[in-house]
Amino acid sequence: MSILNEARYQIGRGLVRHAYPNTKFGRAPNGVQTTITDIWDRANATPTQQVWVAPTAPRIHALVSTSTADNGVTPSTGARTVRIYGVTSWTGMVDSKGQPLHEDYEDVTLNGQTPVNTTKSWVIIHRIRVSTAGTGGINAGTLTATAATDGTVTATVQPANGSTQMAIFGVPDGWQHYIYRIRTAISRSSGSAQTVNFDMWDYDYADPNLPVANIRDDLANQSTGTSYANHEYEFGLRFTGPCIIRIRATASVNDTDAAASWDGVTFKQLAATTWQGE
């Protein structure tokens with residue numbers, strides 16, 4: 001086993017302190033338009049919400065389903081509880097023992113079509129997973145997390161998915177996320193050939209009121225011949241928190257079905273005085 005593969009193996013097993021592996025994936029179901037589109041669940045052929053919008057400040061979020069079957073208050077056949085993951089503060093997070101957190105989470109019991117508020121306030125929710133469910137084994141309706149005051153949907157789970165599909169990820173202050181591999185694809189094509197240009201963006205939230213956007217890489221896919229792309233970074237593409245990583249795309253034809261994902265590791269940021277090699 002090579003040194004690099006050995007390191008990845010040890011990180012994957014959770015044996016490296018302050019190193020957290022993650023595979024982030026997203027899909028725009030028939031949703032990439034000829035104008036810039038975020039790769040996430042609500043970018044569809046309607047389009048419901050082509051561009052993802054972050055909360056303007058830490059916000060309580062309301063969790064609700066379009067189906068009464070997603071109910072843990074009066075247990076039903078659909079999703080009963082979900083766990084949400086994300087960032088509650090751009091200036092850093094700590095646990096109950098004062099240890100730094102790269103990601104926070106919260107469990108929420110659903111109440112069907114009646115919104116249930118989170119206990120914590122979130123600057124980004126970048127993942128929702130169904131934790132428990134009734135006889136259906138999965139969510140029956142569309143689950144959404146809507147930010148108070150802003151009224152914007154931060155995350156959503158499509159029916160029968162059980163998890164978000166959003167190529168969007170928040171990194172708090174004091175942490176760095178290294179991306180080692182990115183994959184992009186045109187999931188389904190019809191008619192004439194289609195192309196999709198995928199761009200990876202870094203939104204710096206050092207000043208939450210004035211986030212700065214920088215493009216970090218781009219990949220192009222064509223529905224005939226190169227519908228799938230896989231790109232590896234030998235030393236990792238580094239994103240320093242506080243920031244939001246987003247994969248965005250533009251298609252040659254409206255309503256193009258596309259997907260993107262990446263493999264990365266979140267590390268605790270080294271102090272400036274720490275020797276890091278030359």
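## Exercises on a predicted chain

Leaving aside neighbours within four places in sequence, Gln50 is in contact (heavy atoms within 4.5 Å) with Gln33, Thr35, Ile36, Thr37, Asp38, Trp40 and Ala43. The structure is a predicted model, in which local features need pLDDT of at least 70, side-chain atom pairs count only at pLDDT 80 or more, and totals for chains, interfaces and linings use all residues. Residues are numbered from 1 along each chain as its sequence is written, and side-chain values use heavy atoms, with hydrogens and water left out.

### Exercise 1. The surroundings of Gln50

Determine where Gln50 lies, whether Gln50 is buried or exposed, and which side chain makes a polar contact with the side chain of Gln50.

**Solution.** Step one is the location: Gln50 is found in the loop between β2 and β3, where strands (E, at least two residues) and helices (H or I, at least four) are DSSP runs numbered from the N terminus. Step two is the accessibility: with a relative accessible area of 17%, Gln50 is buried, since buried means under 20% relative accessible area, exposed over 50%, and partly exposed in between, using a 1.4 Å probe and protein chains only. Step three is the partner: the side chain of Gln50 makes a polar contact with the side chain of Thr37 at 3.1 Å. A polar contact here is a pair of N or O atoms within 3.5 Å; within protein, one must be able to donate a hydrogen and the other to accept it, and residues adjacent in sequence count only if both atoms are side-chain atoms.

Step four follows the partner. Thr37 is found in strand β2 and is buried, with a relative accessible area of 0%. The side chain of Thr37 also reaches the backbone nitrogen of Gln33 at 3.1 Å, and among the residues that Thr37 touches, beyond four places in sequence, are Ile247, Arg248 and Ala249.

### Exercise 2. A nonpolar patch beside the loop

Identify which residues make the nonpolar surface patch of about 180 Å², and place Val51 in the chain.

**Solution.** The patch is made by Ile36, Val51 and Val53. Patches consist of residues with over 30% relative accessible area and no salt bridge, where like charges are joined within 9 Å and nonpolar side chains (Val, Leu, Ile, Met, Phe, Trp, Tyr) within 5 Å. Val51 lies in the loop between β2 (37-38) and β3 (61-65), and Val51 counts as partly exposed at 33% relative accessibility. Thr37 and Val51 are 14 residues apart in sequence, while their C-alpha atoms are 5.6 Å apart in space.

### Exercise 3. Salt bridges across the sequence

State how many salt bridges the structure holds, and work out which parts of the chain are tied together by the pair of Arg246 and Asp38.

**Solution.** The structure holds 11 salt bridges, each being a side-chain nitrogen of Lys or Arg within 4 Å of a carboxyl oxygen of Asp or Glu. Arg246 forms one of them with Asp38, with the closest N and O atoms 2.7 Å apart. Arg246 lies in strand β15 and Asp38 in strand β2, so the pair ties together parts that are 208 residues apart in sequence. Arg246 is buried with a relative accessible area of 7%, and Asp38 also counts as buried, at 0% relative accessibility.

A further case is the salt bridge of Asp263 with Arg181, whose closest N and O atoms are 2.9 Å apart. Because Asp263 lies in strand β16 (residues 256-268) and Arg181 in strand β11 (residues 175-188), this pair ties together parts 82 residues apart in sequence. Asp263 is buried at a relative accessible area of 17%, whereas Arg181 counts as partly exposed at 22%. Both belong to a network of salt bridges that links Arg181, Arg183, Glu232 and Asp263.

### Exercise 4. The core and the whole chain

**Solution.** The largest nonpolar core has 58 residues, of which Ile39, Ile128, Met200, Ile244, Ile245, Ile247 and Trp262 touch the most other members. Such a core is a set of buried Ala, Val, Leu, Ile, Met, Phe, Trp, Tyr and Cys residues joined through side-chain atoms within 4.5 Å. Of the contacts with a separation of 6 or more, residues 24 or more positions apart account for 75%.

Notes. Accessible areas come from the Shrake-Rupley method with a 1.4 Å probe; for residues, only the protein chains shown count as cover.
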